[in-house]
Amino acid sequence: MKKLNKVVILLCLALAVLNCSSDDDNNSIENNAKTNKITVGDSDFEMNTAIVEPTLNNSVFLSLTNSKQAQIEASYNGTTLNNVDYFTARIGHSDLTSNVTYDLSDISSIEFIVNGDVIDAEYENGFSQFYKSGSNSDLEVTSGSITVTNYSVDNLTLTFNFVRNDGTEISGNYNGAFMSLDDEE
């Protein structure tokens with residue numbers, strides 16, 4: 001009987017340890033799923049690369065895409081990319097700054113198009129999810145902002161929230177390395 005009690009106790013401990021481990025793994029997966037994505041209503045779009053391009057007209061062109069950096073670089077040399085999700089925002093400042101929130105009034109243009117193609121280094125086709133102004137007023141954002149929490153040589157961390165005219169909530173975040181493009185390159 002003592003052996004049976006020991007086996008039961010060991011079995012219970014093993015189940016407890018396995019159950020705790022499983023919950024921890026699920027939390028890690030859930031936390032990872034919250035990073036580097038754009039959510040439009042109930043739809044999530046993974047973002048793999050950020051590009052920051054200060055321009056000569058005192059604004060910054062910010063973009064996020066589901067393509068990897070190597071794919072983007074290959075597209076500059078003529079490689080066609082398919083199924084590209086592409087977020088862009090033109091922010092009316094000479095460069096991004098850490099710990100700053102850019103309101104919709106600071107953003108002259110914003111757009112998110114999914115399932116498009118990059119042909120000859122130009123984005124084509126795709127389906128608009130939202131924009132600042134366009135042909136479908138339901139897709140126009142009416143409020144929101146982009147907050148940059150870190151902008152350093154090797155990291156860009158940002159979040160954003162917008163609301164479309166049809167009431168759909170939009171959120172996004174990115175934390176990672178980025179490509180920096182200059183007009184002079």
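Phenylalanine 112 is buried, and phenylalanine 130 is buried too. The model is predicted.

**Aromatic rings**

- Phe112 and Phe130 belong to one aromatic cluster, together with Phe45, Phe87, Phe160 and Phe162.
- The aromatic pairs come to eight in total.
- Phenylalanine 87 and phenylalanine 160 form a stacked pair, because their ring planes lie at 5°, with centres 4.7 Å apart; planes under 30 degrees apart count as stacked.
- Phenylalanine 112 and phenylalanine 130 make a tilted pair. Their centres are 5.6 Å apart, with 40° between the planes.
- That pair also links distant parts of the chain, 18 residues apart. Phenylalanine 112 lies in strand β7 (residues 107-119), and phenylalanine 130 in strand β9 (residues 127-131).

**The open sheet**

- Six strands build an open sheet, ordered β2-β1-β12-β11-β10-β6, with antiparallel pairing.
- The edge strands are β2 (43-46) and β6 (100-103). Each has a single partner strand, so one side of each lacks a neighbour in the sheet.
- On average, neighbouring strands of this sheet are turned by 10° against each other, direction ignored.
- Strand β1 (residues 37-40) runs antiparallel to β2, and four bridges join the two.
- Isoleucine 38 has phenylalanine 45 as its bridge partner in β2. Phe45 is also a member of the aromatic cluster.

Notes: Residues numbered from 1 in each chain as written. Predicted model: local features only at pLDDT ≥ 70, side-chain atom pairs only at ≥ 80, totals over all residues. Heavy atoms only, no water. Phe/Tyr/Trp six-rings, centres within 6.5 Å; stacked < 30°, edge-to-face > 60°. Buried < 20%, exposed > 50% of the residue type's maximum accessible area, 1.4 Å probe, protein only. Pairing = 2+ DSSP bridges. Axes fitted to C-alpha atoms, helices over the stretch in contact; angles between N-to-C directions.
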